[in-house]
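Reader: I would like to learn how to read a model of this kind step by step, with the general idea before each case. Could you take me through it?

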2 protein chains.
Amino acid sequence: MKQLNAEIIGVGTELLLGQIANTNAQWLSEQLAKYGINVFYHTVVGDNLNRVKQSFSIAEERADVIIVTGGLGPTEDDMTREAFQAISQMELEIHEPTMEKIKAYYANQHRQMTPNNKKQARVFKECQVLDNRAGMAPGMIVSHRNRKWIFLPGVPSEMKHLVNYQVFPYLKKLMGNQDIIKSTVLKFTGIGESQLEHEIADLIRTQTNPTIAPLAQHNGVVIRITAKEETEEKASVLIQDVKSKILKRVGDYFYGVDQETMEAQIITQLFKQNKTVAAAESLTGGMFTDKLISVEGASAVCPGGIISYDADVKQQLLGVPEEIVKEYGTVSRECALSMAEKVLSKMNTSIGLGFTGVAGPGELEGKPAGTGYVALRTSDGYEQVESFLFSGSRNTVRRRATLKGLEILFKYLKAQN
Amino acid sequence: MKQLNAEIIGVGTELLLGQIANTNAQWLSEQLAKYGINVFYHTVVGDNLNRVKQSFSIAEERADVIIVTGGLGPTEDDMTREAFQAISQMELEIHEPTMEKIKAYYANQHRQMTPNNKKQARVFKECQVLDNRAGMAPGMIVSHRNRKWIFLPGVPSEMKHLVNYQVFPYLKKLMGNQDIIKSTVLKFTGIGESQLEHEIADLIRTQTNPTIAPLAQHNGVVIRITAKEETEEKASVLIQDVKSKILKRVGDYFYGVDQETMEAQIITQLFKQNKTVAAAESLTGGMFTDKLISVEGASAVCPGGIISYDADVKQQLLGVPEEIVKEYGTVSRECALSMAEKVLSKMNTSIGLGFTGVAGPGELEGKPAGTGYVALRTSDGYEQVESFLFSGSRNTVRRRATLKGLEILFKYLKAQN
């Protein structure tokens, strides 16, 4: 096994002006750590040819692998290629497949391609081109003076795609025979980080391979299990074993692993159970349905929804009885339940959800911002309402209410299995 | 006025492992930019004496002001002081007021003070001590070989407090009489970064004060105008003047400045024009309405919407005529227009929008993923449809379609003024 030391260089004046944080370096570091590659330095440099050149020269002296993000775009500010050319004397050429892609893009958009767009299609003659399926500028891997240079676009989604599908397979090969580091993330909802940690404290303390690390994320808590073994199979066995131990204790809050989202799990369950769902959304204003529809294939199990933000829409289009609005108000358990029932019947689904509440910042019907109700109703008469009082800004409240709805629906479907 | 160039060094292995992003550097950069101090480099280095020393030596060669965050704590990993001592030969001494504070803290907590806590009280003999009211370790300002070294704790709240109340007053004095730096961001939609740059290339090239810098962001392109003047008023006049020049050429694509969003501009216009809007969303599945409702006060101008993902919902609930679906399909100009017209009438609004298309990844009705139509229809009979073919993942297509809808609605409202 060969030990590699890496440096990550972010190129872009927007980083030095503080307009964005260098989250690319953070993400790359996290991934490289998993593969057992040491990261010794991060550097950020602006769009200035001399300073980019100097940063490259310094990195060349102290790293085996240099990952450069940014500066590959079409504008005059983008000078990563020029800087590396200056220190390496390597020649650039047009990458024809990229050129074709750029031309096709402009043709499709009925927009004029300006001359500077050609810049993006240039690659080093001796490089391995990394095909960028998420954007225009391709990435490159270049060997030079016994160093590996990996050039990546600065847009996070494009960078991550190239790294996952092309850079890591390359680095793995480069490192030769090597203990496999495998990790899995277990995702939980409806439980706090400290409670989760408390429930499995002894496991966290005693486990060394795999290790167990809980982390709080903005939409719930996750546990990362990381194993180091000779083969992927052996690592998987270790992970599976610890996963079972953890789920025995906190399985009620578990909803998926790794890239699995709660909305994707919901869609899978709906398919499996041959059920459909629709929501009537006031507070969340479409955010809940949008989440479901973000999942591939959602069309078959979610025919649509009604956004009934206004009280009149709740009554006239959706059919919530006037008495309910009059007696309990629109921000009430009763209204949420009626919304769930009515949307189920209008959309002819097996499950209906209703969301109502006060997004804020002001109060409504005498109830404070952050108050809300999520109801679930099924065609066979089951019903459930949960109330909440969230703190935070208008859109934090709306996001948390959406999450609450996903949680309620997911738990309901899980209990039917 | 003296021009200062700064480098920001973050010390801490947690940064190199990707456990946290270097938000300290981002915040510091943003603040320094406002004061007109150039930041040319960020460096991140781990808790390793040799590598911290090397980073300090490199920074000394290229910056006037070096701001170091982190590595001042009580543990063995904290070695910022040791590294600077090694390159400067400056001596350390115990800072008595800090020592007293640490002792008092442990006494209050009824906890035993461990010997390593003494480490935090050490400061350089010739330094200006920055009293840390939010934590234990004091900051320091040290002059050495004509460079100013500013050592700050890594905890963001402590760091920010010291910078706001002690470091900036110091830097201001150091820079002497100083110009104000003022900047404004102009936001555009429906134009690419390269085309925008092309349209104003001569201005970018010839303007030095204010400077003009285009930047691509995920929901459009922005131009940052930055002026340097004796007073805020003079800077504003310069900015206003360049803004007018830019808008004369590309004003059609302009929608707001600084923190203004397109959705907020739309809500403002709707209020101003006493109009209301509702959308029927297939492709976008609620995302468009969600955007509008994210704006405070949206309830008064957006009563709701219909998410008609399924063809049956389009026909039965929304009322799109069967002939349209049969003759043109649901992914068609005709269907988008009918959706806009029907939602307007169901919701009784002055404007209706219809979104239909193929989110993907598969094709639909013989049309490829990424195809879509956005229609706008008003109660007085005006109608407009735009078609598009976006590339990217399912959710990229959906996001871009939502943005297209916002753009169409915004432009329509703008034209009514």
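Reader: Which residues is B:Val343 in contact with, once its neighbours within four places in sequence are left aside?

Author: On that basis, B:Val343 is in contact with B:Ala278, B:Ala279 and B:Ala280, with B:Gly305 and B:Ile306, and also with B:Leu318, B:Gly352 and B:Gly354.

Reader: How should I judge the confidence of the prediction before going further?

Author: One looks at the scores for the residues and at those for the complex. Chain A averages a pLDDT of 91, with 98% of the residues scoring at least 70, while the predictor gives the complex an ipTM of 0.70 and a pTM of 0.71.

Reader: What is the strand order of the open sheet of 10 strands?

Author: A general point comes first: in a regular strand, side chains alternate between the two faces of the sheet. Here the order is E17(A)-E16(A)-E15(A)-E13(A)-E14(A)-E14(B)-E13(B)-E15(B)-E16(B)-E17(B), and the pairing is mixed. Strand E17 (383–389) of chain A and strand E17 (383–389) of chain B stand at the edges, each with a single partner strand, so one side of each is left without a neighbour in the sheet. On average, and with direction ignored, neighbouring strands of this sheet are turned by 10° against each other.

Reader: How do strands E13 and E14 of chain A run, parallel or antiparallel?

Author: They run parallel, with three bridges joining E13 (residues 277–281) to E14 (residues 304–308) of chain A, and the bridge partner of A:Ala280 in E14(A) is A:Ile306. Helix H12 (residues 311–318) of chain A packs on the sheet, where it touches E13 and E14 of chain A as well as strand E14 (304–308) of chain B, and its direction makes about 135° with that of E14(A).

Reader: Is A:Leu344 buried or exposed?

Author: The test is a count of surrounding C-beta atoms, for which 20 or more within 10 Å is the cut-off for a buried residue. A:Leu344, whose place is in helix H14 (residues 333–347) of chain A, counts as buried because it has 24 C-beta neighbours inside 10 Å.

Reader: What can a hairpin show me, taking E7 and E8 of chain A as the case?

Author: One reads the pairing, and then the turn. Five bridges join E7(A) to strand E8 (residues 147–152) of chain A, and the two run antiparallel, with A:His144 standing opposite A:Arg147 in E8(A). The hairpin has two residues between the strands, and A:Arg145 takes a positive phi near 45° there. E7(A), residues 139–144, is also joined by three bridges to strand E6 (residues 128–130) of chain A, again antiparallel.

Technical notes. Residues are numbered from 1 along each chain as its sequence is written. Chains are lettered from A and ligands numbered from 1 in the order in which they are written. This is a predicted model: local features need pLDDT of at least 70, side-chain atom pairs count only at pLDDT 80 or more; totals for chains, interfaces and linings use all residues. Two residues are in contact if their C-beta atoms, placed from the backbone, lie within 7 Å. pLDDT is the predictor's confidence in each residue, from 0 to 100. Two strands pair if DSSP finds at least two bridges between them. Helices (H or I, at least four residues) and strands (E, at least two) are DSSP runs, numbered from the N terminus. Axes are lines fitted to C-alpha atoms, for helices over the stretch in contact, and angles run from 0 to 180 degrees between N-to-C directions. A residue is buried if 20 or more other C-beta atoms lie within 10 Å of its own, exposed if 12 or fewer, and partly exposed in between; C-beta atoms are placed from the backbone.
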